[in-house]
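Dear colleague,

I am handing over the structure we spoke about, and I would be glad if you could look through it alongside the notes that follow.

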Amino acid sequence: MNGKQLKHADYEYALFLGLTIGLFLLPVVSGLGLSFPSFLLDSVLFFGFPLFGLSYIFIAKHLFGEIKVLWEFSKYFLIGLANTAVHFGVLNILINITGVVSGWPLLLISALSFTAAMVHSYIWSTHWSFEVSKHRTYREFKKFFEVSFVSLLLSITIIFFITEIFAKGDPSVFMANFANAIAALTTLFSNFIGYKLLVFNSKKR
């Protein structure tokens, strides 16, 4: 693959990730009861985020394209935003279906939504952000699962602390989303470090 083809692929991936963010934020906006004019909402979700993805990767490529770790993190950050959108999209769909906003059932649906985001993360990390090899290995998947499982435990702990201790007696869709937001922000950076050093480290291959 020559540089020109790779450049085109980067922009295509960024465009798709931007669209993914927009689509999965739809149930979040609906679940939180946010009210926007439909034309404004459609413009932001279906056009704004894809354009953001293209602009972001254009700037990141020109600033960090020659610095491997920064370029990897730039791609991972956009993937992380899409992961977050998938996480919250699935979470709010499950909240809407079950009506759950607190207790151990919230931890369960948070774990399910987190898992959906991690599957999305594995696919994109292996094919774009940390493209160490085109061939996936059992060791790579095992290490990815281990890092993700630790992040899942950390995420559930944070959600439990916020919803059951900090905000006990005040369950709400907003608080459920807030707790997941804090957990997602925390695991975004811990995952990158774990994936970079333990999973997609070419020196260990």
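Is the crossing of helix 2 and helix 3 right-handed or left-handed? In this model, which is predicted, the crossing of these two helices is right-handed. Helix 2, covering residues 38-64, packs against helix 3, covering residues 68-98, at an angle of about 165 degrees, and their axes lie 9 Å apart. Because angles over 145 degrees count as roughly antiparallel, helix 2 and helix 3 are described as roughly antiparallel to each other. On the side of helix 2, the residues that make the contact include Phe 52, Tyr 56, Ile 57 and Phe 64, while those of helix 3 include Leu 70, Trp 71, Phe 77 and Leu 81. Sorted by class, this contact has ten nonpolar, two polar and two charged residues.

A second pair to look at is helix 5 (residues 138-166) with helix 6 (residues 173-199), which pack at an angle of about 155 degrees with their axes 8 Å apart. That angle makes helix 5 roughly antiparallel to helix 6, and the crossing of helix 5 and helix 6 is right-handed. The residues of their contact divide into 14 nonpolar, ten polar and three charged.

Finally, please look at Ser 121, which lies in helix 4, residues 103-129. Ser 121 counts as buried because its relative accessible area is 0%, and, leaving aside residues up to four places away in sequence, Ser 121 touches Tyr 76, Ile 79, Asn 83, Phe 144 and Tyr 195.

Technical notes
Residues are numbered from 1 along each chain as its sequence is written. This is a predicted model: local features need pLDDT of at least 70, side-chain atom pairs count only at pLDDT 80 or more; totals for chains, interfaces and linings use all residues. Side-chain values use heavy atoms; hydrogens and water are left out. Helices (H or I, at least four residues) and strands (E, at least two) are DSSP runs, numbered from the N terminus. Buried means under 20% relative accessible area, exposed over 50%, partly exposed in between (1.4 Å probe, protein chains only). Contact means heavy atoms within 4.5 Å. Axes are lines fitted to C-alpha atoms, for helices over the stretch in contact, and angles run from 0 to 180 degrees between N-to-C directions. Angles under 35 degrees count as roughly parallel, over 145 as roughly antiparallel, 65 to 115 as roughly perpendicular and the rest as oblique. A crossing is left-handed if the near helix is turned anticlockwise from the far one by less than a right angle, and right-handed if clockwise. Ala, Val, Leu, Ile, Met, Phe, Trp, Tyr, Cys and Pro count as nonpolar, Asp, Glu, Lys and Arg as charged, and the others, Gly among them, as polar.
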